[in-house]
Amino acid sequence: MTTARAQQIETAIQIGIIGLLVLWCYEIAAPFIGPIIWAGIIAIGVYPLYQWLKDKTGLSAGWSSTIVTLAMLVVLITPSAILSNALLKNVHTLTTQIENDELQIPPPAKGVSEWPLIGEKVQAIWSSASQDPKAVLGQYDEQLKRYARWFLAKAAGAGMGLLVFIFSIILAGVFLVSAAGAKRAIESVFTRLAGSRGAEMTELSQATVKSVVTGILGIAVIQSLLAGLGFMVMGVPAAGLLAFICLILAIVQIDILIILIPLSIYAFSVAGTGAAVAFLAWNIAVGLLNNVLKPILLAKGVNAPMAVIFIGAIGGMLHYGIIGLFVGAVIMVLGYTLFITWLKNDAETAEGTAGK
């Protein structure tokens with residue numbers, strides 16, 4: 001065997017061992033990759049608040065991080081736990097009824113037929129569905145059962161998703177303390193990948209993640225939590241499920257007023273005038289919150305098309321559950337932004353070279 005041949009075999013063995021080691025490390029770390037990425041995203045999103053608190057109070061990095069972490073746990077976890085529990089109950093009840101062909105639809109309220117333009121038609125369809133749900137939905141029976149089982153499996157992960165959320169928030173607090181070191185590490189990675197553009201790509205990534213977290217995910221979470229609490233106070237059926245639908249719509253940049261307005265109209269048929277008016281005012285305020293907060297929190301804007309956000313959010317949820325809904329949107333927007341920036345820079349470089 002020649003020396004060159006022996007070196008090739010040795011190199012192949014080394015590459016194989018390194019590949020095996022990387023694969024082994026990945027399999028061990030796989031359960032933690034999602035929460036760690038989500039923690040990093042949260043840390044980037046709340047870093048301005050952490051820095052502001054640290055500068056204003058003069059507290060150490062550790063104390064500032066602890067206060068921000070505790071504030072996030074109190075503000076986000078309590079309402080999330082309430083709505084997650086309601087979501088699981090709603091989905092479990094609905095799935096059981098569909099699986100056992102026992103789906104029950106309440107009859108329409110007296111005032112439904114008086115709704116302008118659509119009242120009589122809604123009254124007729126609703127009455128038919130209430131009297132014989134299987135006759136109205138029977139042709140979609142198998143599809144409904146299949147989707148119900150899938151949705152129940154996803155909703156059952158809401159409890160675990162909440163624990164992952166808590167873990168990620170605590171880990172984000174740890175990341176805040178070591179933010180400078182983490183930024184240097186990320187910049188080193190980008191420098192290895194993009195050469196002299198490493199620092200630029202690092203800043204762009206940070207700005208993009210911050211904009212998505214505060215301007216899209218933050219607003220979506222606030223809107224869905226407030227909407228869900230309003231549903232629960234009014235006793236709207238399937239409040240948890242409706243709040244979750246509002247969350248998905250808000251993340252993919254579809255106005256949740258398409259859910260809130262029909263529910264407000266429904267409230268006038270089943271509740272007193274005062275309560276219905278208050279519910280309508282609450283829903284309008286929640287729906288328009290997007291227009292108030294977005295100019296403040298999304299100052300630099302997110303240039304990614306809605307399709308990119310939609311694919312990221314829905315694809316992330318399909319693969320990784322509730323947490324994937326958030327992580328997927330951020331990763332897709334980040335990837336899209338970096339790719340477009342890379343294309344533009346290459347095009348500018350080519351034009352500059354041609355000009356010479």
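This is a predicted model: local features need pLDDT of at least 70, side-chain atom pairs count only at pLDDT 80 or more; totals for chains, interfaces and linings use all residues.
Residues are numbered from 1 along each chain as its sequence is written, and side-chain values use heavy atoms, with hydrogens and water left out. Local features need pLDDT of at least 70 and side-chain atom pairs count only at pLDDT 80 or more, while totals for chains, interfaces and linings use all residues.

Helix α9 covers residues 239-251; helices here are DSSP runs (H or I, at least four residues), and strands (E, at least two) are treated likewise, numbered from the N terminus. Its 13 residues should span 18 Å, which agrees with end C-alpha atoms 18 Å apart; the expected span is 1.5 Å times one less than the number of residues. Because 12 of the 13 residues of α9 are buried, the helix is largely enclosed by the rest of the structure (buried: under 20% relative accessible area; exposed: over 50%; partly exposed: in between; 1.4 Å probe, protein chains only). Among them are F244, C246 and I251. Just after α9, Q253 takes a positive phi of about 70°.

S264 has 1% relative accessibility and is in contact (heavy atoms within 4.5 Å) with F279, L280 and N283, leaving aside neighbours within four places in sequence. The C-alpha atoms of S264 and A276 are separated by 6.9 Å.
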